[in-house]
Amino acid sequence: MLEVADVSKRFGTLEVLRGVSLSVAPGEVVVVIGPSGSGKTTLLRCINLLEDYERGTVTVDGDPIGYRLDRRAGQRVRMSEREIAAARENVGMVFQSFNLFPHMNALQNVMAAPVRVKGIPRARAEARARELLTMVGLSDKVAEYPVRLSGGQQQRVAIARALAMDPKIMLFDEVTSALDPELVGEVLAAMQQLARAGMTMVVVTHEMSFARDIADRIVFMDDGLVVEQGKPDQLLFSPATDRVRAFLKRYNDRYRI
Amino acid sequence: MKEFAPLLHGYWYLLRGAGMTLLMAGAAILPATACGILLAMAQVFGNRFARSAVVGYLFIVRGIPLLVLLTFTYYLLPLTGIDLPPFWGVVLVMALYYAAFMSEVFRAGILSLPQGQWDAARSLGMTRRLMLQIVIFPQALRLASPPFVSLCANLVKATSLVSIVGLWELTMASREIVERTLAPFQIFLGAAAIYFCICYTLALYGRYLESRVLHGH
Amino acid sequence: MPFDLHFIARLIPALIEGAEVTVELAILTFAICLVWGLIVALANSTRGPLSWFAGAYVQIVRNTPLLIQMYIVYFGFSMAGFGLSGFASGLLALCIQNGGYVAEIYRGGLQAVSTRQYEAGRALGMRRWTLYTVVIIPQVVARIVPPMTNQAISITKDTSQVAAIAVMDMMKVAQVWVESSANTYDVFLGVAIIYLVLTSVASVAGKLFERRLAFAQ
Ligand SMILES: Nc1ncnc2c1ncn2[C@@H]1O[C@H](COP(=O)(O)OP(=O)(O)OP(=O)(O)O)[C@@H](O)[C@H]1O
Ligand SMILES: [Mg+2]
């Protein structure tokens, strides 16, 4: 489904990704963990080409996003903006800071892209948007503007907005980090439900117990590399590498009461 | 009260002058806004050549008094052989002059949107054009509207300069009445009051827009 | 005939003589406004009638054209019996108007420092004097330098309007030369370039000052 092949990315002289490869099967939920600054956010942004990267390719169902290999020249070529925009329709993304459009109400936020990007008839898009907002538990908030919604509600609108494009895969970048603790649960529940419905997901999170519940596989990143990956219980309870062990120890020390 | 008798005789003439002032300002604001938006777009999205062209234009306009440009348009237009009535000549100069300041206002509006808005729009598969149309511009224009309105008030005040190059509007009208009545204090005060009514209304409107921007919807 | 070297050789000294008046007016206006604007801003921040007067003053001078203010001072005052020279009238009007703008810059700078900064200072046990000199004023100064620089540029350009009340500043010199010769282009280029130099000096000085503050923090 998703193939990330040898992606490298630098900011100036700082190598943030150093040849990351990752493949995600249809319906699989992959959780990415790792210390702060390890490049998790950058990886997700590269998958969607919100950042350009120097080396490597990303494909969804075999279709490239961003760069395609020119076989004759043996080189990577950047796709046109139009092609990239079209490719992004297959990838939904939810951000740490929600990024709802403040001048549109919840319903308009969810409907805007299906209507304007995909050209879906307004009535159908609206019916679908209401369905999605109901699914994330916001059927009574469709007409509210983002400033009038709590963080948890805003994030659930953002999830509905991404789902409205019928993406093949969803990317979540620490979607609960900006939320008050009591609002985290409602967002995680929406993601659980989505995972159970068979959505393919890549989830970056610092919530280890949630990671364990939802993940089919956990990927540990450090210093721009995938250091270790495996089944949740195996990676969390009997990690093979010292780096994971050290990370988990720090994590447990911090959150033990 | 008797001192203000000259004003009573001249007020109709002054109001006609004010009408001309508004006409002139309105005629200049429309193209100034359009050019300002284009300049802002060129500066934010243009290639290096377009960007430096805009920067050069802003440098020149910000550094030369409007009065210099108006005066020399008045003298130069006939020399260049362009057959433009003086009214449209000054409207053109004012529009080009204020376009530079408007572009700064619109550029600030575009740039002050958080990166997340661009990210979200792009991740939904929007092309640049669509993204600008439904996500960026509606918000940027809203953010830019209060300073835009105070620029308009500024432009209204600046129209008084065209009286120096001999065009007839409120300031010229007041000078004509002063020549007949020899009551400069009263007449110019009257003209100032009219300008104040126009510009203060705009200022209040700008403040209202600003409070709306600050407090969200 | 553009670029007549003999003409330019006579033009430049005359323009520079005018430019001296321009610079003198600009510097005096800016210096006086720095003080006068602060007084108005402080008056505005008090409670009671003084604040009302300061507020009204700011609104009135900002919403009426400088040119009309000059006419009121120059023609109006002389009719009322206490005539001022053109230079003095121009300077007074420039200070009256720009004082309003400068006061608003001070006010904006003061407002931009959040109340939390005051609380933080008090929580550290600072007395009023220490609080202001160590915490508040440095932050206000850092914030007002860019708009003050813009105001200085704007004042430099505004001085050109004294030409309308017969002061021999650079603008007036240019007008005289244009009317008495056919070398419109030369005069225009000369005036434009000198104004650009003057405003650039103001802008660079502001930038340098800004940078020094940035290092100091
Ligand atoms: N736009 C940028 N310009 C320069 N450096 C950047 C930029 N974005 C990220 N970085 C750097 O890249 C590195 C990886 O950042 P990234 O945000 O991907 O980390 P992360 O794993 O998501 O961390 P966190 O858990 O704190 O979110 C960091 O060192 C960061 O400082
Ligand atoms: Mg991150």
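Predicted model: local features only at pLDDT ≥ 70, side-chain atom pairs only at ≥ 80, totals over all residues.
Residues are numbered from 1 along each chain as its sequence is written, chains are lettered from A and ligands numbered from 1 in the order in which they are written, and side-chain values use heavy atoms, with hydrogens and water left out.

**Stop 1: the cavity**

A cavity here is a set of points, on a 1 Å grid over the protein atoms alone, where a 1.4 Å probe fits but cannot get out; lining residues have an atom within 4 Å of a point. The volume of the largest cavity is about 30 Å³, counted as the space filled by probe spheres set on the points, which are joined across faces, edges and corners. Helix 5 (151-163) of chain A and helix 5 (115-123) of chain B each supply at least two residues of this lining. Helices (H or I, at least four residues) and strands (E, at least two) are DSSP runs, numbered from the N terminus.

**Stop 2: where chain A meets chain B**

Now show the contact between these chains, which takes 26 residues from chain A and 19 residues from chain B; contact means heavy atoms within 4.5 Å. About 1,900 Å² is buried between chain A and chain B, with carbon and sulfur atoms giving 64%. Buried area is the accessible area (1.4 Å probe) that two parts lose on being put together, summed over both.

Next, select R45(A) and D119(B), whose side chains meet in a salt bridge at 2.6 Å, N to O. The term stands for a side-chain nitrogen of Lys or Arg within 4 Å of a carboxyl oxygen of Asp or Glu. The count between chain A and chain B is 1 salt bridge.

**Stop 3: chain B by itself**

Hide the other chains for a moment. Chain B has 8 helices and 0 strands, and its C-alpha trace spans about 70 × 45 × 25 Å along its principal axes.

**Stop 4: where chain C meets chain B**

Bring back chain C: 37 of its residues are in contact with 40 residues of chain B. Chain C and chain B bury about 3,300 Å² between them, 75% of it on carbon and sulfur atoms. Highlight N63(C), K157(C) and F188(C), which supply 18% of the area that chain C buries against chain B, more than any other three residues. Between chain C and chain B the count is 0 salt bridges.

**Stop 5: a pocket in chain C**

Finally, select F30(C), L34(C), Y106(C), I144(C) and M148(C), which lie nearest the centre of the second largest pocket among its 28 lining residues. A pocket is an open set with protein on both sides within 12 Å along at least five of seven lines. Its space is about 810 Å³. Colour helix 1 (5-45), helix 4 (86-112), helix 6 (128-158) and helix 8 (184-216) of chain C, the elements that give two or more residues to the lining. Helix 6 of chain C gives the largest share, 11 residues.
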